[in-house]
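Please read this briefing alongside the sequence and the coordinates.

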Amino acid sequence: MSFHIGAKKGEIAEIMLLPGDPLRAKFIAERFLEDISCYSTVRNMLGFTGTYNGTRISIQGAGMGIPSTAIYASELINEFGVKTMIRIGTCGSIRADIKLGEVILAMSASTDSSVNKLYFGGMDYAPAASFELLDKANQKANDLSIHTLVGGIFSTDTFYDDMPDRYKIWGDHGVLGVEMESTILYTLAARNNVRALSILTVSDNLVTGEVASAEDREKKIEDMAKIALEVTV
Ligand code: HPA
């Protein structure tokens with residue numbers, strides 16, 4: 001029995017795409033998968049299973065932020081046997097030279113959240129992507145002629161704050177962007193010996209103040225979904 005996912009055993013595939021927005025899960029399932037069925041509508045956090053080139057794949061909305069991501073990832077791994085989790089989402093650029101629309105493959109996910117410290121008795125853990133998924137995503141993006149940046153990102157617990165320079169030190173240490181989920185996805189994957197990767201599109205630039213249009217974001221979701229789906233086959 002799962003608290004937050006209303007699926008029966010066997011309705012969820014071992015390979016999972018995890019957008020934050022449940023309507024993106026629906027959009028990607030309808031656009032790219034065949035024989036789709038919706039296995040959960042609990043809290044409107046929709047989940048779908050279908051096939052891509054014959055491979056069984058599920059797509060689950062996971063919400064925003066570390067706690068929501070942790071709930072869905074934990075239940076998917078522990079209750080439904082998910083083995084591969086690929087987040088597809090957006091991030092803010094924290095450097096003027098990283099432009100809107102860039103696709104980032106998140107190699108590591110630093111954080112200001114205390115969630116990892118809670119798991120590690122106050123010590124710092126360095127959550128990292130599955131190298132196998134990262135490497136394959138990089139190759140598949142090249143094959144699809146989708147430009148990517150590969151590097152560390154930062155998962156924050158606060159979308160709104162009044163500290164304009166708070167990300168400077170992260171940018172100065174090579175971190176590419178900020179989002180709110182990947183650090184826990186990577187930690188939970190490691191803890192449960194499964195694979196995880198986050199593929200992110202830059203939707204806003206915190207240095208220049210630019211924000212991508214809804215249209216541009218939609219197009220990039222398709223690019224990220226294509227990379228993620230090709231990684232799985
Ligand atoms: N901050 C945090 N998370 C985000 C952002 C941001 O600017 N953009 C997309 N996800």
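What follows begins with the basis of the model and then takes each topic in turn.

This is a predicted model, in which local features need pLDDT of at least 70 and side-chain atom pairs count only at pLDDT 80 or more, while totals for chains, interfaces and linings use all residues. Residues are numbered from 1 along each chain as its sequence is written, and side-chain values use heavy atoms, with hydrogens and water left out.

**The largest pocket**

- The largest pocket holds about 750 Å³ of space, a pocket being, on a 1 Å grid over the protein atoms alone, an open set of points where a 1.4 Å probe fits, with protein on both sides within 12 Å along at least five of seven lines; its volume is the space filled by probe spheres set on the points, which are joined across faces, edges and corners.
- Its lining comprises 30 residues, of which Thr90, Phe159, Val178, Met180 and Asp204 are the closest to the centre; lining residues have an atom within 4 Å of a point.
- Two or more lining residues come from each of β5 (84–93), β8 (177–179) and β9 (195–205), and β5 gives the most, with 6 residues; strands here are DSSP runs of E of at least two residues, and helices are runs of H or I of at least four, numbered from the N terminus.
- By class, the lining has 12 nonpolar, 9 polar and 9 charged residues, where Ala, Val, Leu, Ile, Met, Phe, Trp, Tyr, Cys and Pro count as nonpolar, Asp, Glu, Lys and Arg as charged, and the others, Gly among them, as polar.

- Helix α6 (182–191) is mostly covered, with 8 of its 10 residues buried, among them Ile184, Leu185 and Leu188; buried means under 20% relative accessible area, exposed over 50% and partly exposed in between, with a 1.4 Å probe and protein chains only.
- Just after α6, asparagine 193 takes a positive phi of about 55°, although it is not a glycine, and this residue is exposed, with a relative accessible area of 71%.

**Asparagine 53**

- Asparagine 53, in the loop between β3 (47–52) and β4 (55–60), likewise has a positive phi, near 50°, and is exposed at a relative accessible area of 63%.

**Isoleucine 12**

- Isoleucine 12, in the segment before β1 (15–19), is buried, with a relative accessible area of 6%.
- Leaving aside neighbours within four places in sequence, the contacts of isoleucine 12 include Ile5, Tyr39, Leu76, Phe80 and Val82, contact meaning heavy atoms within 4.5 Å.
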